[in-house]
Amino acid sequence: MSAAPRVSPAPPARRARVTLSSLAEKKALGEPAVMVTAYDYPSAQVAEAAGVDVVLVGDSAAMTVLGYPSTVPVSVDEMLMLAGAARRGLDTPLLVGDLPFGSYEISDEQAIATAQRFVKEAGCDAVKLERGGTSVDRARAIVGSGIPVMGHVGLTPQTATALGGYRSQGRTAERGLEVADDALALEEAGCFALVFEAIPSELTELLMPRIRIPVIGIGAGPAVDGQVLVFHDLLGIYDGHAARFVKRYADVRTAMIDGVADYASDVRERRYPAPEHGYTMAPDEADRVREALEAV
Ligand code: KIV
């Protein structure tokens, strides 16, 4: 019986780079966009392999990666180091860098200078900033300097204290209209996309027909153009409090603890390393070493 000819599997189709226009096209086609945060080379590689559309180096890294109690303390230099590492793990998704608190609010010049560092030093395709109000002018200035901007309204963690804490926003008509004003102003300022965080699904439904740019939701219900989750939340890596909108798709933290605990007990019980984990030496070479050591 002759062997069937071997057919090599076709290489996986190379995905086209995600661009601002391909994101806008997704919205027009009604195809949901997938965004996830990533903060380093391995998490970016995971996002790339999973085929997500947009990677955000979120300032949530302050809490998930750097262990700060909120997003407020993280510095531009810390964010740039994380964003640069994520860049090196990515090819296809659009890479958005989060401008940290205090790095863009003072003036248009400050906002442009910080956004430029994210593009020049970390290789980001775009930046994100939080809030309406004065952030609308900053967004306009950054867009005017040639850098795409994603806006972020609703729960804006950088100013959570002023919002009454980490709680959903826009639940009264007055606050709902403020969120609407912020979103529309950021769109008018030239943002290419918006994040809606922690607002009622009803408010999202009322706003969506009025917004032409892609809206990515996190705790904003299903009516948006795409969803974003924090990498450590969705994979169950982070041990902190998880917001109501988080869905856990894996329990990586438990797997990691189990792995390290197994390693520790193997070391303590002398099960690791086994012979296959070591290197060998030809017997005559070992004899020569022994003789030389004995001669000392
Ligand atoms: O910092 C972050 O991770 C974010 C997302 C939650 C949108 O801003």
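A residue counts as buried under 20% relative accessible area, as exposed over 50%, and as partly exposed in between. Keep that scale in mind as you look through these views of a predicted model.

Figure 1. Let us start with the overall picture. The domain assignment gives domain 1 as residues 20–250 and domain 2 as residues 255–294. Taken over C-alpha atoms, the centres of domain 1 and domain 2 are separated by 47 Å. The secondary structure of the protein chain comes to 11 helices and eight strands. Along its principal axes, the C-alpha trace spans about 85 × 60 × 35 Å. The radius of gyration of the chain is 25 Å, whereas a compact globule of 296 residues would have one near 19 Å. Of the 296 residues, 43% count as buried.

**Figure 2. Tyr 263 and Tyr 272, an aromatic pair.** How many aromatic pairs does a search of the whole structure find? The search finds one. Tyr 263 and Tyr 272 form this pair, with 6.0 Å from centre to centre. The pair is edge-to-face, because the angle between the planes is 70° and planes over 60 degrees apart are classed that way. Tyr 272 has a relative accessible area of 37%, so Tyr 272 is partly exposed. Tyr 263 also counts as partly exposed, at 48% relative accessibility.

Figure 3. Val 260, Tyr 263, Val 267 and Tyr 272 make a nonpolar surface patch of about 380 Å². Val 267 is found in helix α10, which covers residues 252–268. Is Val 267 buried, partly exposed or exposed? Its relative accessible area is 38%, so Val 267 is partly exposed.

**Figure 4. Arg 271 and Asp 266, a salt bridge.** Now we turn to charged side chains. Side chains of opposite charge can pair when their charged atoms come close. In this view, the closest N and O atoms of Arg 271 and Asp 266 are 2.7 Å apart, and the two residues form a salt bridge. Arg 271 counts as partly exposed at 46% relative accessibility. Asp 266 is partly exposed too, with a relative accessible area of 26%.

**Figure 5. Arg 140 and Glu 188, a link between two helices.** Arg 140 forms a salt bridge with Glu 188, and their closest N and O atoms are 2.7 Å apart. Which parts of the chain does the pair link? Arg 140 lies in helix α6 (residues 134–144) and Glu 188 in helix α7 (residues 173–188), so these are distant parts of the chain, 48 residues apart. Glu 188 is exposed because its relative accessible area is 56%, a value to compare with the 50% cut-off. Arg 140, with a relative accessible area of 35%, is partly exposed.

**Figure 6. Glu 121 and Arg 117, another salt bridge.** The side chains of Glu 121 and Arg 117 meet in a salt bridge, at 2.8 Å from N to O. Glu 121 has a relative accessible area of 49%, so Glu 121 is partly exposed. Arg 117 is partly exposed as well, with a relative accessible area of 29%.

Figure 7. How many salt bridges does the count come to? The count comes to 16 salt bridges.

Note on methods. Residues numbered from 1 in each chain as written. Predicted model: local features only at pLDDT ≥ 70, side-chain atom pairs only at ≥ 80, totals over all residues. Heavy atoms only, no water. Domains from an automatic or database assignment. Patch = residues over 30% accessible without salt bridge, like charges linked within 9 Å, V, L, I, M, F, W, Y side chains within 5 Å. Areas by Shrake-Rupley, 256 points an atom, 1.4 Å probe, with all protein chains shown as cover. Salt bridge = Lys/Arg side-chain N within 4 Å of Asp/Glu carboxyl O. Helix = DSSP H or I, 4+ residues; strand = E, 2+ residues; numbered from the N terminus. Buried < 20%, exposed > 50% of the residue type's maximum accessible area, 1.4 Å probe, protein only. Phe/Tyr/Trp six-rings, centres within 6.5 Å; stacked < 30°, edge-to-face > 60°. Rg over C-alpha atoms; globule rule 2.2 N^0.38 Å.
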